[in-house]
Amino acid sequence: MVGRPRTTMVAIVSPTARDIAWAAGLYEGEGYCGFSNRTMKLALSQKDPWILHRLRCLFGGSVWVNPTEGTGRVSQWRIFGARAHGFALTIYSYLSPRRRIQVTRMLATTSPYNNWPQQKARRAG
């Protein structure tokens, strides 16, 4: 599908240790960690969409194909929320110290348990 992400798909293949190390290497070099509507987002851009579709098969998420024609055409694999948390924790041990800090900060910021006592108190009161 060009120009629009496919619906978020679940993983259809169980990743091996080698697949996890491969994905961590890709994320280390080309990955992005941030927020989308207050939800954790991980993304990875590549010119070769096969790589991104392989990531989608292994870890779920969606692949967005940039509609721009020509040699600058870049596609992006995106993963959000709990699925992004799971992916980040899965590849964590393979990441460099710099990336580990980024992921740790993102996980701490987006954890559903960060303000659990306050949420519980609001509901009770």
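Trainee: Which residues of helix 3 are buried?

Mentor: Keep in mind that this is a predicted model. Buried here means under 20% relative accessible area. In helix 3, residues 81–91, the buried residues are Gly81, Ala84, His85, Phe87, Ala88 and Ile91. Viewed down the axis of helix 3, these buried residues fall within an arc of 165°, so they line one face of the helix. Ala82 and Leu89, on the other side of helix 3, are exposed.

Trainee: In what order do the strands of the open sheet lie?

Mentor: Strands of a sheet pair through backbone hydrogen bonds, in a parallel or an antiparallel sense. In this case four strands form an open sheet with the order 1-2-4-3 and antiparallel pairing. Strand 1 and strand 3 (62–65) stand at the edges with a single partner strand each, so one side of each has no neighbour in the sheet. On average, neighbouring strands of this sheet are turned by 30° against each other, direction ignored.

Trainee: How many bridges join strand 1 to strand 2?

Mentor: Six bridges link strand 1 (residues 31–36) and strand 2 (residues 39–46), which run antiparallel. Gly31 is placed opposite Leu44 in strand 2. The hairpin of these strands has two residues between them, and Asn37 takes a positive phi near 50° there. Strand 2 also pairs with strand 4 (residues 75–80), antiparallel and over six bridges; Ala43 stands opposite Arg78 in strand 4.

Trainee: Which strands does helix 2 lie across?

Mentor: Helix 2, residues 49–59, lies across strand 2, strand 3 and strand 4, and runs at about 20° to strand 4.

How values were computed:
Residues numbered from 1 in each chain as written. Predicted model: local features only at pLDDT ≥ 70, side-chain atom pairs only at ≥ 80, totals over all residues. Heavy atoms only, no water. Pairing = 2+ DSSP bridges. Buried < 20%, exposed > 50% of the residue type's maximum accessible area, 1.4 Å probe, protein only. Arc of directions from axis to C-beta. Axes fitted to C-alpha atoms, helices over the stretch in contact; angles between N-to-C directions. Contact = heavy atoms within 4.5 Å.
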